[in-house]
Amino acid sequence: MKALWDYLGVWRSTVGEPPGPAPRNWRTGEPLSYDVQHSDEVFFLDRRGHERFVLEGPPYAARASLPQALYDFMDSQGHRNLSSPSSSAWTEAQARQVLGWVRQ
(Lines give C-alpha, C1' and ligand atoms only; values in the text may rest on other atoms or scores of the structure.)
Protein backbone atom coordinates (compact mmCIF):
# COMPACT_ATOMS: atom_id res chain seq x y z
CA MET A 1 0.00 0.00 0.00
CA LYS A 2 2.85 2.42 0.80
CA ALA A 3 4.28 2.14 -2.72
CA LEU A 4 0.91 2.89 -4.31
CA TRP A 5 0.22 5.85 -2.00
CA ASP A 6 3.74 7.20 -2.66
CA TYR A 7 3.26 6.81 -6.43
CA LEU A 8 -0.04 8.70 -6.33
CA GLY A 9 1.23 11.35 -3.90
CA VAL A 10 -1.34 10.65 -1.17
CA TRP A 11 -0.65 12.44 2.10
CA ARG A 12 -1.04 10.21 5.17
CA SER A 13 -0.01 10.08 8.78
CA THR A 14 -0.17 7.25 11.29
CA VAL A 15 -1.87 8.28 14.51
CA GLY A 16 -1.15 6.38 17.72
CA GLU A 17 -3.62 4.94 20.15
CA PRO A 18 -6.25 7.38 21.37
CA PRO A 19 -6.80 7.81 25.11
CA GLY A 20 -9.49 5.62 26.61
CA PRO A 21 -10.82 2.35 25.25
CA ALA A 22 -9.49 1.32 21.85
CA PRO A 23 -11.88 1.88 18.97
CA ARG A 24 -12.86 -1.22 17.00
CA ASN A 25 -12.60 -2.05 13.33
CA TRP A 26 -16.11 -1.51 11.98
CA ARG A 27 -15.99 -4.70 9.87
CA THR A 28 -14.26 -7.16 12.20
CA GLY A 29 -14.89 -5.74 15.66
CA GLU A 30 -11.18 -6.19 16.50
CA PRO A 31 -9.52 -3.46 18.60
CA LEU A 32 -7.51 -0.91 16.62
CA SER A 33 -4.04 0.01 17.82
CA TYR A 34 -3.61 2.97 15.45
CA ASP A 35 -5.40 4.98 12.80
CA VAL A 36 -4.25 6.45 9.49
CA GLN A 37 -5.26 9.98 8.59
CA HIS A 38 -5.05 10.64 4.86
CA SER A 39 -6.01 13.10 2.18
CA ASP A 40 -9.36 12.55 0.47
CA GLU A 41 -8.91 11.62 -3.16
CA VAL A 42 -10.18 8.93 -5.48
CA PHE A 43 -7.85 8.13 -8.36
CA PHE A 44 -9.13 6.68 -11.62
CA LEU A 45 -6.56 4.72 -13.62
CA ASP A 46 -6.86 3.44 -17.16
CA ARG A 47 -6.14 -0.16 -18.14
CA ARG A 48 -2.43 0.66 -18.48
CA GLY A 49 -2.28 2.03 -14.94
CA HIS A 50 -2.06 5.69 -15.96
CA GLU A 51 -3.87 8.22 -13.84
CA ARG A 52 -6.76 9.65 -15.84
CA PHE A 53 -8.85 11.56 -13.32
CA VAL A 54 -8.94 12.50 -9.64
CA LEU A 55 -11.93 13.39 -7.49
CA GLU A 56 -10.70 15.42 -4.53
CA GLY A 57 -12.60 15.83 -1.31
CA PRO A 58 -14.54 13.54 0.96
CA PRO A 59 -17.12 11.13 -0.43
CA TYR A 60 -20.78 11.75 0.28
CA ALA A 61 -23.20 8.92 0.86
CA ALA A 62 -26.79 9.11 2.04
CA ARG A 63 -27.28 7.74 5.54
CA ALA A 64 -29.60 5.00 4.22
CA SER A 65 -26.83 3.62 1.98
CA LEU A 66 -24.35 3.02 4.83
CA PRO A 67 -24.08 -0.31 6.62
CA GLN A 68 -25.22 0.13 10.22
CA ALA A 69 -21.84 -1.11 11.51
CA LEU A 70 -20.05 1.65 9.59
CA TYR A 71 -22.46 4.31 10.84
CA ASP A 72 -21.99 3.11 14.42
CA PHE A 73 -18.19 3.29 13.96
CA MET A 74 -18.30 6.92 12.81
CA ASP A 75 -17.60 9.67 15.30
CA SER A 76 -19.81 12.72 15.81
CA GLN A 77 -17.98 14.62 13.05
CA GLY A 78 -18.72 11.79 10.63
CA HIS A 79 -22.41 11.95 11.55
CA ARG A 80 -22.41 15.73 10.99
CA ASN A 81 -20.76 15.22 7.58
CA LEU A 82 -23.68 13.02 6.55
CA SER A 83 -26.24 15.68 7.36
CA SER A 84 -24.14 18.64 6.10
CA PRO A 85 -21.66 17.40 3.50
CA SER A 86 -18.63 19.46 2.53
CA SER A 87 -18.97 21.63 -0.58
CA SER A 88 -16.10 19.58 -2.04
CA ALA A 89 -17.80 16.21 -1.40
CA TRP A 90 -18.27 13.92 -4.40
CA THR A 91 -21.04 11.41 -4.95
CA GLU A 92 -21.26 7.86 -6.28
CA ALA A 93 -23.03 9.22 -9.37
CA GLN A 94 -20.06 11.49 -10.11
CA ALA A 95 -17.63 8.59 -9.68
CA ARG A 96 -19.72 6.44 -12.06
CA GLN A 97 -19.66 9.26 -14.62
CA VAL A 98 -15.86 9.39 -14.44
CA LEU A 99 -15.70 5.60 -14.85
CA GLY A 100 -17.68 6.00 -18.06
CA TRP A 101 -15.09 8.47 -19.38
CA VAL A 102 -12.14 6.31 -18.35
CA ARG A 103 -13.59 3.21 -20.03
CA GLN A 104 -13.82 4.96 -23.42
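**The largest pocket**

Reply: Happy to! Its lining holds 24 nonpolar, 10 polar and 5 charged residues (Asp, Glu, Lys and Arg are charged; Ala, Val, Leu, Ile, Met, Phe, Trp, Tyr, Cys and Pro nonpolar; the others, Gly among them, polar). Please keep in mind that this is a predicted model, where local features need pLDDT of at least 70 and side-chain atom pairs 80 or more, while totals for chains, interfaces and linings use all residues. Residues are numbered from 1 along each chain as its sequence is written, and side-chain values use heavy atoms, without hydrogens or water.

The lining comes to 39 residues, and nearest the centre of the largest pocket lie Val36, His38, Asp40, Leu70 and Phe73. Two or more lining residues come from each of these elements: α1, β2 (35-38), β3 (41-45), α2 (68-73) and α3 (76-83). As for size, the volume of the largest pocket is about 1600 Å³. A pocket here is an open set of 1 Å grid points where a 1.4 Å probe fits, with protein on both sides within 12 Å along at least five of seven lines, and lining residues have an atom within 4 Å of a point.

Now for the chain around the pocket. The protein chain has 4 helices and 4 strands (DSSP runs of at least four and at least two residues), arranged along the sequence as α-β-β-β-β-α-α-α. Along the principal axes, the C-alpha atoms of the protein chain fill a box of roughly 50 × 35 × 25 Å. Of the 104 residues in the protein chain, 15% are buried (under 20% relative accessible area, 1.4 Å probe).

Technical notes:
Grid points are joined across faces, edges and corners, and a volume is the space filled by probe spheres set on the points. Buried means under 20% relative accessible area, exposed over 50%, partly exposed in between (1.4 Å probe, protein chains only).
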